[in-house]
Amino acid sequence: MKKLLTTFCALALSVTVANAQTTKGTMTFGVSDNFTSASTGTDANVGYFVMDGIMLSANFHMDMADEGETNWGFGARYYHGEDGLWAGIKAMAKPEVLEVAYAPAVDATSEAPAMDAIMPVEGEDAEVNMMIQIGYSKALGMDGKLWFEPTLDYNMAGDGSLGLGAGFRLAF
């Protein structure tokens, strides 16, 4: 009887630990990358479970290519059951420089344009890229607080493209 009770308590504790990652009030930090895109940057996000199984996130992407690019966005995930399967959608704002024009700088003392100084003026237009993701969160350790997350992505920008990615997430 004592072994049965000990086994039951251990099982109940392990189910609670496995389910703790998607409970309301849990905050997470994740880092991921897409292996099938030409991107040279990494994605980072901070998530918060507003309900059991539903996470909202703020996303950040910094591309380390020649000119560099920084994108901000938001996302949402729905975790199905206790197996770690999830589906999500992510929207990222991608600024696009339309043109670079030059305007003369104004002299502070006379309020007239200074002929020797030129100030660049940039025009930007924002484009929103949507991505649908399907993934799996596998607890690696730290009492179920560190997860490995392989993902399948469908980027709706342009003609659309499929991608394969992976990342790590820490819950606190």
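Which residues form a nonpolar patch on the surface, and with about how much accessible area together?

## Surface patch

In this predicted model, the nonpolar patch consists of M27, F29, V31, V46, Y48, V50, M51, L56, M142, L170 and F172, which together have about 970 Å² of accessible area. Patches are made of residues with over 30% relative accessible area and no salt bridge, where nonpolar side chains (Val, Leu, Ile, Met, Phe, Trp, Tyr) are joined within 5 Å and like charges within 9 Å; accessible areas come from the Shrake-Rupley method with a 1.4 Å probe, and for residues only the protein chains shown count as cover. The elements that supply two or more residues to the nonpolar patch are β1 (27-34) and β2 (42-51), and β2 gives the most, with four residues.

V46 lies in strand β2 and is partly exposed, at a relative accessible area of 40%, where buried means under 20%, exposed over 50%, and partly exposed in between (1.4 Å probe, protein chains only). M51 also lies in strand β2 and is partly exposed, with a relative accessible area of 49%.

## Basis and confidence of the model

Residues are numbered from 1 along each chain as its sequence is written, and side-chain values use heavy atoms, with hydrogens and water left out. Because this is a predicted model, local features need pLDDT of at least 70 and side-chain atom pairs count only at pLDDT 80 or more, whereas totals for chains, interfaces and linings use all residues.

The protein chain averages a pLDDT of 76, and 65% of the residues score at least 70, pLDDT being the predictor's confidence in each residue, from 0 to 100. Over residues 1-20 the pLDDT is below 50, and this stretch has five contacts in the model beyond near neighbours in sequence, a contact being heavy atoms within 4.5 Å. Residues 116-121 also have pLDDT under 50, and for them the model has 15 contacts beyond four places in sequence.

## Overall architecture

The protein chain has one helix and nine strands, and from the N terminus on its elements run α-β-β-β-β-β-β-β-β-β; helices (H or I, at least four residues) and strands (E, at least two) are DSSP runs, numbered from the N terminus. Of the 172 residues in the protein chain, 26% are buried, and its accessible surface comes to about 11400 Å², with 65% of this belonging to carbon and sulfur atoms. Among contacts between residues at least 6 apart in sequence, 45% join residues at least 24 apart.

The largest nonpolar core has six residues in all, namely F49, M55, Y79, W86, W147 and A171, where a nonpolar core is a set of buried Ala, Val, Leu, Ile, Met, Phe, Trp, Tyr and Cys residues joined through side-chain atoms within 4.5 Å. Leaving aside neighbours within four places in sequence, W147 is in contact with residues including F49, Y79, A171 and R169.

T22 is found in the loop between α1 (2-19) and β1, and at 8% relative accessibility it counts as buried. Not counting residues up to four places away in sequence, T22 touches F49, M51, D52, G53 and Y79. M51 and T22 are 29 residues apart in sequence, with their C-alpha atoms 8.3 Å apart in space; under the exclusion of neighbours within four places, M51 is in contact with T22 and K24.

## Salt bridges

Side chains of opposite charge can pair when their charged atoms come close. A search of the whole structure finds three salt bridges, each defined by a side-chain nitrogen of Lys or Arg within 4 Å of a carboxyl oxygen of Asp or Glu. The side chains of D43 and K90 meet in a salt bridge at 3.8 Å, N to O; this pair links distant parts of the chain, with D43 in strand β2 and K90 in strand β5 (residues 85-106), 47 residues apart. K90 is buried, with a relative accessible area of 11%.

R77, E149 and R169 are linked in a network of salt bridges. E149 forms a salt bridge with R77, their closest N and O atoms being 3.1 Å apart, and this pair links E149 in strand β8 (residues 146-155) to R77 in strand β4 (residues 69-80), 72 residues apart. E149 is buried at a relative accessible area of 4%, and R77 is buried at 11%. The side chains of R169 and E149 meet in a salt bridge at 3.3 Å, N to O; R169 lies in strand β9 (residues 161-171) and E149 in strand β8, so the pair ties together parts that are 20 residues apart in sequence. Both R169 and E149 are buried.
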